[in-house]
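Here is a friendly note to go with your first look at this structure. Keep the sequence and the 3D view open while you read the points below.

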Amino acid sequence: MNLRLVDLIHGVSFLENAFVRWVLSFAVSPGIAQHVSGQHPVAVGDHRYRLDFLIAGSRLRVAIELDGFAFHHGRQAFVHDRIRQNDLVGLEYGRCQVKCDRSLLI
């Protein structure tokens, strides 16, 4: 059976599923699925986060953050996102952040 990446990795939101279907599926082979973890928990001191996706290999970890406008707008969200970004950089995670306003998607 020849499974597609979208059959192997499932997001918990429209934006996460769109990322797998329209970005990740075209960029990599289905073999990467074993290295992708959705809603991956991360702890830094007393801060607790969930990464939308973590792609982890033997030498590199990349945090994928998909920030929709509905949950990532305003000053409080901006400050939280900066703290989170700094924490992930401190853990030596590579980072890919995608910002999206779903109302602009066609």
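Which residue just after α3 takes a positive phi? That is Glu-92, with a phi of about 65°. More on α3 follows, after some words on the model.

1. What you are looking at. This is a predicted model, in which local features need pLDDT of at least 70 and side-chain atom pairs count only at pLDDT 80 or more, while totals for chains, interfaces and linings use all residues. Residues are numbered from 1 along each chain as its sequence is written, and side-chain values use heavy atoms, with hydrogens and water left out.

2. The overall layout. Along the sequence they come in the pattern α-α-β-β-β-α-β. Of the 106 residues, 32% are buried (buried means under 20% relative accessible area, exposed over 50% and partly exposed in between, with a 1.4 Å probe and protein chains only).

3. Helix α3. This helix has 16 residues and reaches 23 Å from its first C-alpha to its last, close to the 22 Å expected at 1.5 Å a residue (the expected span being 1.5 Å times one less than the number of residues). Its buried residues are Ala-77, Asp-81, Arg-84, Asp-87 and Leu-88. Seen down the axis of α3, they fall within an arc of 125°, so they line one face of the helix; the arc is that of the directions from the helix axis to the C-beta atoms. On the other side, Arg-75, Asn-86 and Gly-90 are exposed.

4. Asp-87, worth a close look. Asp-87 sits in α3, which covers residues 75-90, and counts as buried because its relative accessible area is 14%. Setting aside residues up to four places away in sequence, Asp-87 touches Val-44, His-47 and Tyr-49 (contact means heavy atoms within 4.5 Å). The side chains of Asp-87 and His-47 are joined by a polar contact of 2.7 Å, that is, a pair of N or O atoms within 3.5 Å; within protein, one must be able to donate a hydrogen and the other to accept it, and residues adjacent in sequence count only if both atoms are side-chain atoms.

5. The salt bridge. Side chains of opposite charge can pair when their charged atoms come close. The structure holds one salt bridge, defined as a side-chain nitrogen of Lys or Arg within 4 Å of a carboxyl oxygen of Asp or Glu. Arg-84 forms it with Glu-65, their closest N and O atoms being 2.9 Å apart. The pair links distant parts of the chain, Arg-84 in helix α3 and Glu-65 in strand β3 (residues 61-68), 19 residues apart. Arg-84 is buried at a relative accessible area of 9%, and Glu-65 counts as buried at 3%.

6. Asp-87 has none, and its nearest side chain of opposite charge, Arg-84, is 8.5 Å away. (Lys and Arg count as positive and Asp and Glu as negative; His and the chain ends are not counted.) Glu-16, in helix α2 (residues 14-27), is also buried without a salt bridge, and the nearest side chain of opposite charge is again Arg-84, 8.7 Å away.

Definitions and conventions:
Helix = DSSP H or I, 4+ residues; strand = E, 2+ residues; numbered from the N terminus.
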